[in-house]
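Please look over the model shown here before reading on. My notes follow as numbered points.

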2 protein chains.
Amino acid sequence: MKRIAESTVRRLSIYLRFLEEFEARGLATISSDALAARGGTTSAQVRKDLSFFGSFGKRGLGYSVPELTRRLREILGLGRDWRVIIIGAGKIGAALAQYAGFRQRGFHIVNVYDSDPAKIGRRVDGFVVRDIARLEQDAAGDDIQIAVLAVPGEAAQPVVDRVIDSGIRAIMNFAPVQLQIPEHVALKTVNMAMELEGLSFALTNRD
Amino acid sequence: MKRIAESTVRRLSIYLRFLEEFEARGLATISSDALAARGGTTSAQVRKDLSFFGSFGKRGLGYSVPELTRRLREILGLGRDWRVIIIGAGKIGAALAQYAGFRQRGFHIVNVYDSDPAKIGRRVDGFVVRDIARLEQDAAGDDIQIAVLAVPGEAAQPVVDRVIDSGIRAIMNFAPVQLQIPEHVALKTVNMAMELEGLSFALTNRD
DNA sequence: TTTACCTTGTGAACAAATTCACAAGAACCC
DNA sequence: GGGTTCTTGTGAATTTGTTCACAAGGTAAA
């Protein structure tokens, strides 16, 4: 398949959210224009994004809400469950562990890990925090697809190396560092300080 | 000033992090090539990014670490303190309130708000949670530049409207919704479920 | 001072992403 | 059935972002 731009994938996620809203309201069809308006983009962009994966609409009518919803779920790989571990049982790790938005979309948290003996064995939102030393042996049997990193910056690279060694191929990183990974591994980094710097830049450099 | 791409601003943040590391190690100069290697980009990209703001290097030698650090801080608007409020005292809001990375870079959390009577008045990491009803009157006197939204999706749009009405021009949004804002307001949305969907897509659609 | 060697800064070439614009279908009405 | 209206799907045009490639400027050493 032709390489799909990251920006396209992001927009597909946005479209899917709206579609689910429309579906809940019982609407049968929606036009690219209506989808675009809600997503802050243009109708041509919506149609182009979808065209990478097929043609799902009816000319003159628009898209069937249930069908497009189903197709987008499929495209985004949401037609199945994903097994996720969280590494780091600090405040951020704990917030993620209890975040309902994950399970709703098929991301099931299986375990929470930490290296701090004071945290290991304690409960964090229903999960007993496990010793990170067990990562490799657990991962082998648990069939984990995604690891969420919520550890301090200096711990992140060693941990991510172990995560990758243990066969996990997708990582969501909340540590404020640039991780080095082989190219067959998918990585998304969320760096909150960096986002704030983007705002600071915008506030500072506007006309 | 010519419009600067968001991708450029992100990279400037990354460069700044490395520069601070180099500065701490006492290095005097650094080449665009060395900066690029750490940031996962190319030397031409580094030089192009910097060229939008001036020419800070010396041919044959590279960039002075302290000087480039200083200039990048200035460009990113980090030469001053920013006053920030957090709206939403749930798990995510609490995690953000205690996150040291913010204060380190001059982002000072002034207040934490919530609408839940059970939370108002209680302490969250040293902050007494205030009633969101007070937002407007507080904001007037407190000189707040940035609001961080950590509220449930359905509450986000009404809250952001009030935030903007009260004169705040930069918003960092953790609610999993697409916010509608006027164009003079800067907005960064961090949607963790959407990031996970990006990983799900990558795992599903690879060769 | 000359030579050898680096590394920047930047137009020009290229690549990627977005927008335009319109033919082709589909529904609906008379 | 013909005309009207709507909206998709998609090449082509445009815009935006990245990479190339090299002249210009600077250091260092002899």
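1. Asp125(A) is partly exposed, because 16 other C-beta atoms lie within 10 Å. On this scale a residue with 20 or more other C-beta atoms within 10 Å of its own is buried, one with 12 or fewer is exposed, and partly exposed falls in between, with C-beta atoms placed from the backbone. Asp125(A) sits in the loop between strand 6 (123–124) and strand 7 (127–128) of chain A. Its phi is near 50 degrees, a positive value in a residue other than glycine. Most residues other than glycine have a negative phi.

2. This is a predicted model, in which local features need pLDDT of at least 70 and side-chain atom pairs count only at pLDDT 80 or more, while totals for chains, interfaces and linings use all residues. Residues are numbered from 1 along each chain as its sequence is written, and chains are lettered from A and ligands numbered from 1 in the order in which they are written.

3. Chain B shows the positive phi too: Asp125(B) is not a glycine and has a phi of about 50 degrees. Asp125(B) lies in the loop between strand 6 (123–124) and strand 7 (127–128) of chain B. Asp125(B) is partly exposed, with 16 other C-beta atoms within 10 Å.

4. How can chain A be laid on chain B? A turn of 180 degrees with a shift of 0.0 Å along the axis does it, with an RMSD of 0.1 Å. The two copies are therefore related as by a two-fold rotation axis. The superposition is by least squares on the C-alpha atoms of residues with pLDDT of at least 70 in both copies.

5. The contact between the chains takes 46 residues from chain A and 46 residues from chain B (two residues are in contact if their C-beta atoms, placed from the backbone, lie within 7 Å). On the side of chain A that touches chain B, helix 9 of chain A gives the most, with 13 residues. That side divides into 26 nonpolar, 12 polar and eight charged residues. Here Ala, Val, Leu, Ile, Met, Phe, Trp, Tyr, Cys and Pro count as nonpolar, Asp, Glu, Lys and Arg as charged, and the others, Gly among them, as polar. Of the interface residues of chain A, 100% are also interface residues in chain B, so the copies meet through the same surface.

6. DNA strand D is surrounded by 29 residues, the closest being Ser55(A), Gly57(A), Gly60(A), Ala5(B) and Gly60(B) (near means a C-beta atom, placed from the backbone, within 6 Å of the strand). Helix 3 of chain A gives the most to this surface, with six residues. Helices (H or I, at least four residues) and strands (E, at least two) are DSSP runs, numbered from the N terminus.
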